[in-house]
Amino acid sequence: MDKKQAIFNENDIPYKELELIGISKKQIWSLDKANITALLSGKRTSLLDLSFHDNNGEEISMKGKISLYWKDSNNAGVKIHPVRPEIMNDINLKPKELERLQDNEIITKTINNEKYLVELDPETNDLLKTKIKSISIPSNIKGVELDKQQKETLKSGKELILNVDKEKIAIRLDLNNPRGIKFLDFEQQQKIAYDRHNPQIIGTIHTDKNRNEYIEYMKGQKPSLGNESQSKVEHKFKL
């Protein structure tokens with residue numbers, strides 16, 4: 001793995017704490033590369049089978065994710081992220097904000113006078129939060145040099161369309177990805193955007209019930225995607 005990305009190394013992993021929740025050292029190193037990378041990057045793993053004993057000595061089994069954090073300057077600890085039956089709204093999000101998160105959007109929220117990006121982990125119903133000022137956007141993605149406006153688009157949690165080898169790709173920040181970037185299906189994002197901005201149409205592109213309307217609509221929406229045209233598409237679809 002890329003050591004520049006890691007904030008923990010193999011020797012930092014608190015195996016004794018992991019054993020308390022039913023995960024052995026062997027099981028940790030049996031995880032795939034993506035999970036190991038996530039763990040050493042301070043991100044969450046995928047869902048794991050966890051088990052531990054409560055204060056009465058009874059064994060509790062559950063599904064959850066784990067991540068590492070620094071308890072002090074020398075010792076790492078383990079955080080458990082259990083699957084919750086509903087979203088733990090600990091930052092007083094409004095109903096519309098919760099709806100946007102459930103629609104797989106990233107939103108901005110001011111928390112204690114700091115601006116954050118907030119994303120929902122749909123597998124656990126946890127809210128993932130990171131300070132906007134701490135986000136660093138790479139200068140080059142897939143061989144494409146990003147300008148200032150494109151970086152700001154990503155940093156605000158919005159989707160960005162890039163031309164890569166004469167093909168269009170959609171990308172967005174991902175707060176639970178060690179790389180920090182999620183690659184999206186460009187055509188699917190256009191369909192989602194069309195459905196979102198045309199609620200009067202019965203049915204959705206996803207079920208092809210309004211495919212004809214979509215095709216006719218998109219006939220006039222195929223620019224060459226230079227910088228100016230790309231900006232127009234992003235504005236039209238709010239990507």
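Predicted model: local features only at pLDDT ≥ 70, side-chain atom pairs only at ≥ 80, totals over all residues.
Which exposed residues does the face of α5 turned away from its buried side carry? They are Lys148 and Gln149.

## Overall make-up

The protein has eight helices and eleven strands. Its chain counts 239 residues, and 42% of them are buried. The exposed surface comes to about 14,900 Å², of which carbon and sulfur atoms supply 46%.

Contacts can also be sorted by distance along the sequence. Of the contacts with a separation of 6 or more, 42% are between residues 24 or more positions apart.

## Helix α5

Helix α5 covers residues 148-155, and its buried residues are Gln150, Thr153 and Leu154. Seen down the axis of α5, these buried residues fall within an arc of 95 degrees, so they line one face of the helix. Lys148 and Gln149, both exposed, sit on the face turned away from that buried side.

The N-terminal end of α5 is capped by aspartate 147. A side-chain oxygen of aspartate 147 lies 3.2 Å from the backbone nitrogen of glutamine 149. Just after the helix comes glycine 157, with a positive phi of about 90 degrees.

## Helix α3

Six of its eight residues are buried, so α3 is largely enclosed by the rest of the structure. The buried residues are Asn35, Ile36, Thr37, Ala38, Leu39 and Leu40. Their cover includes helix α2 (25-28) and strand β2. After α3 comes glycine 42, whose phi is positive, near 80 degrees.

Leaving aside neighbours within four places in sequence, asparagine 35 is in contact with Thr45 and Ser46.

## Methionine 62 in strand β2

Strand β2, which is among the elements covering α3, contains methionine 62. Is methionine 62 buried or partly exposed? At 23% relative accessibility, methionine 62 counts as partly exposed.

Not counting residues up to four places away in sequence, methionine 62 touches Leu48, Asp49, Leu50, Phe52 and Pro82. The C-alpha atom of methionine 62 is separated by 9.9 Å from that of leucine 47, and the two residues are 15 apart along the chain.

## The largest pocket

The largest pocket holds about 1,200 Å³ of space and is lined by 39 residues. Those nearest its centre are Gly42, Lys43, Thr130, Leu175 and Asn176. Gly42 is also the glycine with positive phi that follows α3.

Several strands take part in the lining. At least two residues each come from β2 (59-70), β3 (76-82), β6 (126-131), β7 (140-141) and β11 (181-184). Which strand gives the most to the lining? That is β6, with five residues.

Most residues other than glycine have a negative phi. Asparagine 125 has a positive one, near 65 degrees. Asparagine 125 is in the loop between β5 (114-121) and β6, and with a relative accessible area of 16% this residue is buried.

Lysine 142 also has a positive phi, near 55 degrees. The loop between β7 and β8 holds lysine 142. Is lysine 142 buried or exposed? Its relative accessible area is 54%, and lysine 142 is exposed.

## Valine 144 in strand β8

Strand β8 (residues 144-145) includes valine 144. Valine 144 has a relative accessible area of 17% and is buried.

Which residues is valine 144 in contact with, leaving aside its neighbours within four places in sequence? They are Ser139, Leu162, Asn163 and Val164. Valine 144 and asparagine 163 are 19 residues apart in sequence, and their C-alpha atoms are 7.8 Å apart in space.

Note on methods
Residues numbered from 1 in each chain as written. Heavy atoms only, no water. Helix = DSSP H or I, 4+ residues; strand = E, 2+ residues; numbered from the N terminus. Buried < 20%, exposed > 50% of the residue type's maximum accessible area, 1.4 Å probe, protein only. Contact = heavy atoms within 4.5 Å. Areas by Shrake-Rupley, 256 points an atom, 1.4 Å probe, with all protein chains shown as cover. Arc of directions from axis to C-beta. Polar contact = N/O pair within 3.5 Å; in protein donor to acceptor, adjacent residues only side chain to side chain. 1 Å grid on protein atoms, 1.4 Å probe; cavity = no way out; pocket = protein on both sides within 12 Å on 5 of 7 lines; lining within 4 Å. Points joined across faces, edges and corners; volume = space filled by probe spheres on them.
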